[in-house]
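I opened my notebook to get to know a new structure. Here is what I looked up, step by step.

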Amino acid sequence: MILIPAGAFPMGTSEREATRLAAAYGYHISWFIGEIPQRSVDVDAFYIDKFPVTNAQYAEFADATGHPPPAFWPDGMLPTEKRNHPVTGVNQDDAWAYAKWAGKRLPTEAEWEKTARGINGLSFPWGNQFDPEACCWGRSSQEGPAAVGSYPEGASPYGVMDMVGNVAEWCADAPGPGAAFIKGGCYLTKSIVNLRPAARNMSGFTNNRSMFYGFRCAKEAV
C-alpha cells in the first residue's frame with residue numbers, strides 16, 4: 001500500500017474546462033454535470049493499494065472464507081494464466097467482503113480521485129495530456145484487462161498504478177441508494193473523456209458483477 005498524505009486537492013472539473021471538453025469531443029455539457037464545479041476537497045491521510053486486487057489475491061480470500069468465486073472464472077476456478085490480472089465479475093458487496101477480510105475498506109470517490117490526480121488536479125495520472133501508451137484502453141480488440149502494473153508510465157503522482165483504463169473500480173460512496181461511484185474507465189473505454197479520473201461514472205446497481213468492474217482497497221493512516 002502507498003500512503004497518500006493529508007491535504008486538499010482540486011476535485012472535479014471547472015465549467016470552463018467542461019465546456020472545452022464538450023466541444024473538443026462532441027459531448028453535450030450536461031455529460032459533465034456531476035463533475036462541476038471544481039472544488040477544493042480536504043482529505044485525511046490514508047493508505048491505498050498500489051495495484052487493483054488481483055485474481056490470485058481474491059482466490060486466497062475465497063479459499064479462506066468460502067466466499068463465492070467471481071462471475072467469470074471458468075467453472076469457478078482461478079484461470080492460472082490470469083493470476084496477476086485484476087479480478088472482475090465482483091459486485092460492491094464482494095469488494096467490501098474482501099476488503100474487510102484483508103483489514104481494509106473501499107476508498108471514497110474523493111480518496112480515489114486524489115490518488116489519481118495529486119494535489120495539482122492533473123487531467124490524467126501522468127500529466128495533463130492523454131498518452132495512449134500509458135494505460136489499457138479501448139483502442140484495439142483487447143479481450144480483457146492487462147496484468148496489473150503493465151503500464152508503469154501511467155503511474156499517478158504517488159506511484160499508484162492502473163488508475164486509468166484496465167478495470168473500472170468500485171468506490172465506497174454513492175450518488176444515491178443502491179448505486180455506487182465507479183472510477184477510472186476500463187479496457188473497453190474508447191472515449192478519452194471517460195478515462196479522465198475526474199469523470200464521475202456510476203453503477204446504478206451495486207449488485208452488478210460486471211466483467212469491466214474491479215477494485216482496490218484503502219485503509220486509515222494511523
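Predicted model: local features only at pLDDT ≥ 70, side-chain atom pairs only at ≥ 80, totals over all residues.

Entry 1. S6 and S7 run antiparallel and are joined by 3 bridges.

Entry 2. Next I turned to the pairing of S6 with S5. Strand S5 covers residues 168-170, and it pairs with S6 in the antiparallel sense over 2 bridges. Here Trp 170 has Ile 182 of S6 as its bridge partner.

Entry 3. Which way do the residues of S6 point? I noted Ala 180 and Ile 182 on one side, with Phe 181 and Lys 183 pointing the other way. All four of these residues are buried.

Entry 4. I then followed the chain into the loop between strand S6 (180-183) and strand S7 (201-203), where I stopped at Thr 189. Is Thr 189 buried or exposed? Its relative accessible area is 14%, so Thr 189 counts as buried, the cut-off being under 20%.

Entry 5. I checked what surrounds Thr 189. A polar atom of the Thr 189 side chain lies 2.9 Å from the backbone nitrogen of Cys 186. Beyond its neighbours within four places in sequence, Thr 189 is in contact with Trp 137, Gly 138, Asn 194 and Leu 195.

Entry 6. Last, I visited helix H4, residues 109-117. I found 9 of its 9 residues buried, among them Glu 109, Trp 112, Lys 114 and Arg 117. Just after H4, I noted that Gly 118 takes a positive phi of about 75 degrees.

Conventions
Residues numbered from 1 in each chain as written. Heavy atoms only, no water. Helix = DSSP H or I, 4+ residues; strand = E, 2+ residues; numbered from the N terminus. Buried < 20%, exposed > 50% of the residue type's maximum accessible area, 1.4 Å probe, protein only. Polar contact = N/O pair within 3.5 Å; in protein donor to acceptor, adjacent residues only side chain to side chain. Contact = heavy atoms within 4.5 Å. Pairing = 2+ DSSP bridges.
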